[in-house]
Amino acid sequence: MKHKIRLGVNVDHVATLRQVRGGTTSYPSVLDMVKRSVKGGAEQITIHLREDRRHIQLHDLKTLSKSCPVALNLEMAATSQMVSFAKKYRPDWVCFVPEKRAELTTEGGLDVKKGFKKMFPMVEKLQRIGIEISMFIEPSIEQVEASYEIGADAVEFHTGKWVHLKGAKKTKEWKRLVEAAEWAHYLGLNVHAGHGLDYAHSKLINKLPHLQEVNIGHSLVCYALEDGLEASVRKMRKILK
């Protein structure tokens with residue numbers, strides 16, 4: 001029997017619209033949009049507190065840590081400052097992501113193998129206070145194994161590359177995703193996915209073996225301009241069944 005895939009809604013780009021005027025407006029309200037997302041069927045809310053604070057701000061994390069009606073997933077860089085914020089505000093999940101100042105969005109997966117020594121104590125500290133840990137990685141066997149060795153609870157596969165490829169290259173990238181998902185499941189890691197997923201690709205991602213969760217943001221905020229966020233989330237939730 002096929003299991004239901006958990007839908008995490010990323011509300012970063014609600015905050016992008018608010019911050020585009022340099023933080024001089026309080027609208028749109030991130031918390032209001034979180035509530036609409038949950039009404040539409042979101043089972044988790046994802047936010048990325050970037051070091052450059054281009055969208056989500058510390059006050060958003062503070063507000064959602066108290067008022068988020070579903071599980072809160074905090075995406076963050078592996079820095080001591082971010083770890084201290086996670087320890088203070090205690091989201092349900094922390095997803096370690098790579099971060100470069102000049103990038104428009106997260107451009108690829110985290111190199112867990114390279115950053116192992118630095119991140120290992122961070123993972124341990126956060127798990128000790130009950131936070132579950134995910135690693136946002138490319139669909140690579142090597143990175144899956146490094147995530148397992150570091151003690152992560154889950155891996156989230158970066159699907160952005162697969163979304164943009166076509167033809168034989170897309171098929172090849174899908175094969176990588178399937179192999180990495182199979183190996184992660186074998187090692188006992190939860191399998192998550194995210195980045196670039198729209199309605200069409202969400203229909204396809206349903207077929208990824210052992211997939212338990214997707215995190216989707218940009219496309220939903222874009223669809224919301226036409227249909228409203230609650231309706232867009234509801235449609236995405238229906239696709240993921």
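Which residues are linked in a network of salt bridges?

Reply: The network of salt bridges links Lys4, Glu43 and Arg237. A salt bridge here is a side-chain nitrogen of Lys or Arg within 4 Å of a carboxyl oxygen of Asp or Glu; by this rule the count comes to 11 salt bridges. The model is predicted, so local features need pLDDT of at least 70 and side-chain atom pairs count only at pLDDT 80 or more, while totals for chains, interfaces and linings use all residues. Residues are numbered from 1 along each chain as its sequence is written, and side-chain values use heavy atoms, with hydrogens and water left out.

Among the individual pairs, Asp52 and Arg54 meet through their side chains, with 2.9 Å from N to O. Asp52 is partly exposed at 23% relative accessibility, and Arg54 is likewise partly exposed, at 28%. In these terms, buried means under 20% relative accessible area and exposed over 50%, with partly exposed in between (1.4 Å probe, protein chains only).

Arg234 is partly exposed at 42% relative accessibility, and Glu230 is partly exposed at 23%.

A further pair belongs to helix H8. Arg176 and Glu173 form a salt bridge with closest N and O atoms 3.1 Å apart, and, being three residues apart in H8, they are separated by about one helical turn. An α-helix has 3.6 residues a turn, so residues three or four places apart point the same way. Glu173 is buried at 3% relative accessibility, whereas Arg176 is partly exposed at 29%.

H8 (residues 167-186) has 20 residues and reaches 29 Å from its first C-alpha to its last, close to the expected 28 Å (1.5 Å times one less than the number of residues). Its buried residues are Lys170, Glu173, Leu177, Ala180, Ala181 and Ala184. Seen down the axis, these buried residues fall within an arc of 105°, so they line one face of H8; the arc is that of the directions from the helix axis to the C-beta atoms. On the other side of H8, Ala168, Thr171, Lys172, Lys175 and Tyr186 are exposed. The cover over the buried residues includes helices H6 (141-150), H7 (160-164) and H9 (199-205), together with strands S6 (154-158) and S7 (190-194). After H8 comes Gly188, whose phi is positive, near 90°.

The unreviewed UniProt entry lists Asn10, Arg21, Gly196, Gly217 and His218 for "binding site". They span 209 residues in sequence, and the farthest two C-alpha atoms are 25.3 Å apart, so they do not all gather at one spot. UniProt positions follow the numbering used here, feature names are shortened, and annotations may be inferred rather than shown by experiment. Asn10 lies in strand S1 (residues 6-10) and is buried, at 11% relative accessible area. Beyond its neighbours within four places in sequence, Asn10 is in contact with Thr46, Glu75, Ile216 and Gly217, contact meaning heavy atoms within 4.5 Å. Gly217 is in the loop between strand S8 (211-216) and helix H10 (218-227) and is buried, at 10%.

Terms used
Helices (H or I, at least four residues) and strands (E, at least two) are DSSP runs, numbered from the N terminus.
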